[in-house]
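Biologist: I have a new structure to look at, and I would like to learn how to read it. Could you walk me through a few features?

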Amino acid sequence: MTRVLIADDQALLRGSFRVLVDSAPGLEVVGEASDGVEAVALTRREQPDVVLMDVRMPSMDGIEATRRICAETAVRVLMLTTFDLDEYVYAALRAGASGFLLKDTRPADLLAAIEVVASGDALLAPSVTRRLVAEFARLPTGPVTRLAGVTAREQEVLTLIARGLSNDEIAARLHLGIATVKTHIGRLLHKLAARDRAQLVIAAYESGLIRPSAQ
């Protein structure tokens, strides 16, 4: 059973999300928070698998709440917002979020996203991914950094992850077995102190290993 905490300052939306999540096999809501402060406190107490986190909330916004949750726990955060502005996407992922979806996402896609994030993978809506790449394009460029200890093969894998390829696609591109690809990804997560693929994408861009123009 995947345990979900819902954080949103609108009671009607919280209730709607609760009904949706509780109606899905294998998912259950373990708490609701109306602001970031309450979200952090409930996460500490309930230790859910996934937090559905609104960006704009009173007292403490969703990005700061995500930063605290990810710093203190292994709980995974899926950001939900009406807005797909660049600064929200980048800040949320830097804070440790494992996914970012718009609130107009179809119910079935939201439920699938919860399962994806709970399984340890990362998820971004296509429109959000495009904006994220645009944000990276505005960042100052420089020499490759932060990749000490990463082998040439691991850099190849990291580059393909940043370009959005799946494990199967990476395996086919590099002529490797799936198990070998997963081993490389596990080592990258460890060496770069990354929580998931979303954090690996950030590392690839911030290190200078890949540029948006390489997409």
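Modeller: Happy to! This is a predicted model, and we can begin with its largest cavity, which holds about 30 Å³ of space.

Biologist: How many cavities of 30 Å³ or more does the structure hold?

Modeller: There is one.

Biologist: Which residues line the largest cavity?

Modeller: A lining residue has an atom within 4 Å of a cavity point. Here the lining is made up of Ile-6, Ala-7, Asp-8, Phe-17, Leu-52, Met-53, Asp-54, Leu-80 and Lys-103.

Biologist: What classes of residue does the lining of the largest cavity have?

Modeller: Six are nonpolar and three are charged, while none is polar.

Biologist: Now for a single residue. Where is Ser-207 found?

Modeller: Look at the segment after helix H10, which spans 197-206.

Biologist: Is Ser-207 buried or exposed?

Modeller: A residue counts as buried when its relative accessible area is under 20%. Ser-207 has a value of 0%, so it is buried.

Biologist: What does the side chain of Ser-207 reach at 3.1 Å?

Modeller: To read a polar contact, look for a pair of N or O atoms within 3.5 Å. At 3.1 Å, the side chain of Ser-207 reaches the backbone oxygen of Ala-204. A polar atom of that Ser-207 side chain also lies 3.2 Å from the backbone nitrogen of Leu-209.

Definitions and conventions: Residues are numbered from 1 along each chain as its sequence is written. This is a predicted model: local features need pLDDT of at least 70, side-chain atom pairs count only at pLDDT 80 or more; totals for chains, interfaces and linings use all residues. Side-chain values use heavy atoms; hydrogens and water are left out. On a 1 Å grid over the protein atoms alone, a cavity is a set of points where a 1.4 Å probe fits but cannot get out, and a pocket is an open set with protein on both sides within 12 Å along at least five of seven lines; lining residues have an atom within 4 Å of a point. Grid points are joined across faces, edges and corners, and a volume is the space filled by probe spheres set on the points. Ala, Val, Leu, Ile, Met, Phe, Trp, Tyr, Cys and Pro count as nonpolar, Asp, Glu, Lys and Arg as charged, and the others, Gly among them, as polar. Helices (H or I, at least four residues) and strands (E, at least two) are DSSP runs, numbered from the N terminus. Buried means under 20% relative accessible area, exposed over 50%, partly exposed in between (1.4 Å probe, protein chains only). A polar contact is a pair of N or O atoms within 3.5 Å; within protein, one must be able to donate a hydrogen and the other to accept it, and residues adjacent in sequence count only if both atoms are side-chain atoms.
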